[in-house]
Amino acid sequence: MTDPTPDAAHADDLPLTAESMRKSFLKHVRHTQGKDPSVATQLDHFMAAAHAARDRMSDRWTRTSLRYAREQPKRVYYLSMEFLLGRLLEDGLLNLGCLEAAEEGMLETGVALSDAADQEHDAGLGNGGLGRLAACFLDSMATLGIAGIGYGIRYEYGIFLQDIVRGEQFERPDPWLRYGNPWEFERPERRYAVHFGGRVIQYTGSRGRRVHEWVDTHQVLAVAYDTPVPGFENGVVNTLRLWSAKATRAFDISYFNQGDYIKAVEDKAATETISRVLYPNDAQLAGKELRLKQEYFLVSATLQDAVARHLTRHEDLTDFHRFAIFQLNDTHPALAVAELMRLMVDRHGLSWDQAWEVTRQCFAYTNHTIMPEALERWPVWLMERLLPRHLQIIYEINARFLEQVRRAFPGDEARAQRMSLIEEGHEKQVRMAHLAIVGSHKVNGVSALHSRLIREALFRDFAELLPDKFVNQTNGVTPRRWLMKCNPELARLITRHIGRGWATDLDQLTRLEPFADDPAFQAEWRGIKQRNKERFARWLRRAHGLELDPTHLVDSQVKRIHEYKRQLLNVLHVVSLYQRLRRSRGGDTVPRTFVFGGKAAPGYAMAKRIVHLINAVATKVNADESTRHLLRVLFVPNYSVTAAELIIPASDVSEQISTAGMEASGTGNMKFALNGALTIGTLDGANIEIKDAVGDENIFIFGLTAEEVEARRHDYDPYPIYHADPELRAALDAISGGLFSPEDPGCFRPIVDALLAGGDRYFTLADFRSYTRAHGVLEQTYLEPAVWTRRSIVNVARMGYFSSDRTLRGYARDIWGVPA
């Protein structure tokens, strides 16, 4: 909907004034929380404030839904196994346009909104960039007035909570629903049976058609829970619908009657495990099976819901593609292709050719990885056991597709094998990315480099067959959360000088550039950064007992822990810098604190070892009285959206140092730059486009390019680099020799072995010297405050392209065929 303004105001809406918010807040303290205000707790305050906000969303939500039902626009269904939403109270009030009114109204009752908001638990329904991107996209769809619905799973336990004990990562469950969720509405009438197991019987029907019936299945109910997603001050409220798994019956009465109550409820508990936990460890068979069940559970419930919605207004599904488009956020929902074919052919009587034409136009696939080994595959035997009908459909899709390949490339059987949906070998596997590509009308990467690499390398065969199918949509972030909410002082400074239009038209930030050399503006800019550091320091002390000196340069690398993201390169630089300071006693060195944060997957031993190393280095460096005034290291436990909202505005430097050609895009790089941090990074992912936008002089680029990495891969030997660079050698020897683990000298030797004997797969040593030189230039620049501040301002001014609003307009135009 290009003009959402008709929803912007309505006579029946609850007012957005301070007085109205005050009354609503007190009403919910009394009537929802059941407390007198004099004895209400901070949790009560949060719940009451959230319900007051939700009341105002509900008015607009209902009206938006009725308008969509009346106008029948093409709906965008965004399928994602992750939605990393973060806290919703202040973000929701901001988008409603009443954040300041709520602050004022609650303060009149003696309650600070910020204190109430601190009681909100991050909904950890995601593991990193994939889930946070999905959340940004929901915000932008609502802000642009696109009729979009997010679909995911209502995990009872989100991404694990990370504890650091003696420097090591330990995981514990995240019961984020422990105190309830004030944002969601259960929709018991929206429930669908999802089937697993069983067998397929085939026979010829009364009309002579081949009929397939999937019988003797085990059923699980998918029950909808809806969360409102408000657009920015436009009256539009879209929906995030999460599915929860419920047993079809509470317990087996026959076991109960025999006195075996445990067995009676056993099936119920096993069934509801499907939505129990985000991304089970799939290293074991039980984990693999549960993960596949989760993926099918999501797509089956979602497609049944979308089909039911369509059939309330249309006689059949022959025009379904004109009213529905399903965006697959990575390969996890790829089974949707087979499921829609099953629904159309087996349940609704379409011919295969009719169903395939509709299905192919209904789907689009976003790829988020460049590494072939990271592409999802499922063993054929497992799919045959859990989803036998879908395996038949996949085989049929594959047979027809390979006929097309062989017609286009006669005699090239090797190509047909590479493109097949089934990977042959000692264990046959279904290639989910291939299913997503074949079943979608568009496939997109998420940065210019990534899109080029998937066309030229990862999916080259497909791009040669279907070149028009592949497009680019560079990622973006929502400026509402990632500037207005997380950095309110900076947002107010910007608004005071260029107006408020940038909140929905981020290109307007270019109007800041004339102020980049203004001494008074620079002074205000630096003052805001300093106060953000002080805010971050207070939070670190209160939440984690960590000490940050706010006079230090703050250099941050916060993201999922993975070898290709190269937290290890950062640590090697810290160790070499520490050793240099020990030798020189400082000199003109800029005082700095290196901030790390991120979670390692529970089964990823090397990543967990890197977390341990970071903390061991921090313990040693921070305790050294001779250097701690110049160098400190902090690892922030349990990194989350809320932590990011404090770290990013406080950071001077953004570390985006992945091995070139391995990061699809990244969005942390955009968030940091939007908040005035300068990037030190490789030519990887969206770093390239950030460099093009901000200018070479306003970013610190180092390291091998993706092409150079690929060219060197076959004969790369890290040993000569180790022997030729004394600083690097000293840092590695200190790590392997036990300087940071005196109680267990060999503790970190496996890390060094992976870099040397293991071949340094991610070119950490190859980029080390270039990286340290870039840091040297960065340090010299920071010693000139006017130069540094100018570059910081220019970074923000040139970040307009990286708004998720711009990204979503691209999806709407190039992929979905909807107005925005």
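Biologist: How many bridges join strand 1 to strand 12?

Modeller: First, the terms. Strands (E, at least two residues) and helices (H or I, at least four) are DSSP runs, numbered from the N terminus. Two strands pair if DSSP finds at least two bridges between them. Here, 5 bridges join strand 1 (residues 75–79) to strand 12 (residues 324–329), and the two run parallel. L79 stands opposite L328 in strand 12. This is a predicted model: local features need pLDDT of at least 70, side-chain atom pairs count only at pLDDT 80 or more, and totals for chains, interfaces and linings use all residues. Residues are numbered from 1 along each chain as its sequence is written, and side-chain values use heavy atoms, with hydrogens and water left out.

Biologist: What joins strand 1 to strand 4?

Modeller: 4 bridges, and these strands run parallel. Y77 stands opposite I149 in strand 4. Strand 4 also pairs with strand 11 (residues 237–247), in the parallel sense over 5 bridges. There, G150 stands opposite L240.

Biologist: What is the strand order in the open sheet?

Modeller: The 9 strands run 7-10-11-4-1-12-13-17-18, with mixed pairing. Strand 7 (185–196) and strand 18 (470–472) each have a single partner strand, so one side of each is left without a neighbour in the sheet.
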